[in-house]
Amino acid sequence: MIRNFQGKAAFVTGAASGIGLAIARALATANMRVMLADIEDNALYAALEDLKGSSADVRAVVCDVSDRASVQRAAEQTFAAFGTIHLLCNNAGVGVGGQFETIAPNDWEWVIAVDLLGIVHGVQSFLPHIKAHGEDAHIVNTASLAGMVCPPGTAPYNASKFGAVALSETLAAELAGSPIGVSVPCTSFVLTRIATSSRNRPPRFGGPLDQSNAQLEALVQAGSDPQMVAQRVMAAVRDNDLYIFTHADMEYRAAVEERFGKILAAFDKAANAKR
């Protein structure tokens, strides 16, 4: 956990817009030094100029989280700029839709590389440094309610977000008793640009596509303010909360309870089968 943000430094991926930018703005307002990281350079430098208006110490680095070497280079630039890093926010995310059997291999590989391996690359690039300085620190890995329940039509996204939750739970267990906390935000729809995330797809995954998912776009446009999510993240870092749920709607809780109920029922069935 981090009780006092003043003067400490953070690295935030997916920071050019949406949740990442909102988190970066909240951190800067709390007088943290912040390195913005994003694959979309024009939006990244526009976000940098926006945040510089607050007189905060904010920098930017172009970073493709699906590329381990790119994340490692960004980490080195961050260490050079700020020295000690206390807060790592693995937030970058993308999504595609479609029926399970029709989703193209490039789509699967891209979503898993960004949403799941991006967290792996971030943790492995920053955690040794964070452990070495030994001060209070925190890691935030952005997941989704799709990491708790599985809506149809988004299999790669669901798999990656369940993975993000699993990585965060594993990391929290491994870091238990240390000064390093872990949080995993599990949001519903938030007003971000994820519906058009294919605009930033690297060539090795098929290149950018100038298209959006109209149904997803409508849901996203009706989604929550990213600033609300950022404030929940800030509170969770202070309180050392593992799970961050930003949407209290009973339908979401009911869906999670239904899943857990089925799991417990399967355990009961296994127990009864031994009798």
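This is a predicted model: local features need pLDDT of at least 70, side-chain atom pairs count only at pLDDT 80 or more; totals for chains, interfaces and linings use all residues.

Me: Thanks. Which helix does Ser168 lie in?

Reply: Ser168 belongs to helix α5, which covers residues 155–174.

Me: Is Ser168 buried or exposed?

Reply: Ser168 is buried, because its relative accessibility is 0% and the cut-off for buried is under 20%.

Me: What does the side chain of Ser168 make a polar contact with?

Reply: The partner is the side chain of Asn141, at 3.1 Å.

Me: New topic: α1. How many of its residues are buried?

Reply: Of the 12 residues in α1, 10 are buried, which leaves the helix mostly covered. Among them are Gly18, Ile19, Leu21 and Ala28.

Me: What covers them?

Reply: The covering elements include the strands β1 (9–13), β2 (33–38), β3 (58–62) and β4 (87–90), together with the helices α2 (41–52) and α7 (226–239).

Me: Why does the span of α1 agree with what it should be?

Reply: At 1.5 Å a residue, the 12 residues of α1 (residues 18–29) should span 16 Å, and the end C-alpha atoms are 17 Å apart, so the two values agree.

Me: What happens just after α1?

Reply: Asn31 takes a positive phi there, of about 70°.

Me: Now the rings. How many aromatic pairs does a search of the whole structure find?

Reply: The search finds 3 aromatic pairs. In one of them, Phe79 and Phe126 have ring centres 5.4 Å apart and planes at 70°, so this pair is edge-to-face.

Me: Where do those two residues lie?

Reply: Phe79 is in helix α3 (residues 68–82) and Phe126 is in helix α4 (residues 105–133), so their pair ties together parts that are 47 residues apart in sequence. Phe79 counts as buried at 17% relative accessibility, and Phe126 counts as buried at 0%.

Me: What about Phe100 and Trp108?

Reply: Their ring centres are 5.2 Å apart and their planes are at 50°, so that pair is tilted. Phe100 is exposed, with a relative accessible area of 56%, whereas Trp108 is partly exposed at 22%.

Me: Which residues form one aromatic cluster?

Reply: That cluster consists of Phe11, Phe79 and Phe126.

Terms used
Residues are numbered from 1 along each chain as its sequence is written. Side-chain values use heavy atoms; hydrogens and water are left out. Helices (H or I, at least four residues) and strands (E, at least two) are DSSP runs, numbered from the N terminus. Buried means under 20% relative accessible area, exposed over 50%, partly exposed in between (1.4 Å probe, protein chains only). A polar contact is a pair of N or O atoms within 3.5 Å; within protein, one must be able to donate a hydrogen and the other to accept it, and residues adjacent in sequence count only if both atoms are side-chain atoms. The expected span of a helix is 1.5 Å times one less than its number of residues. Contact means heavy atoms within 4.5 Å. Rings of Phe, Tyr and Trp (its six-membered ring) pair if their centres lie within 6.5 Å; planes under 30 degrees apart count as stacked, over 60 as edge-to-face and the rest as tilted.
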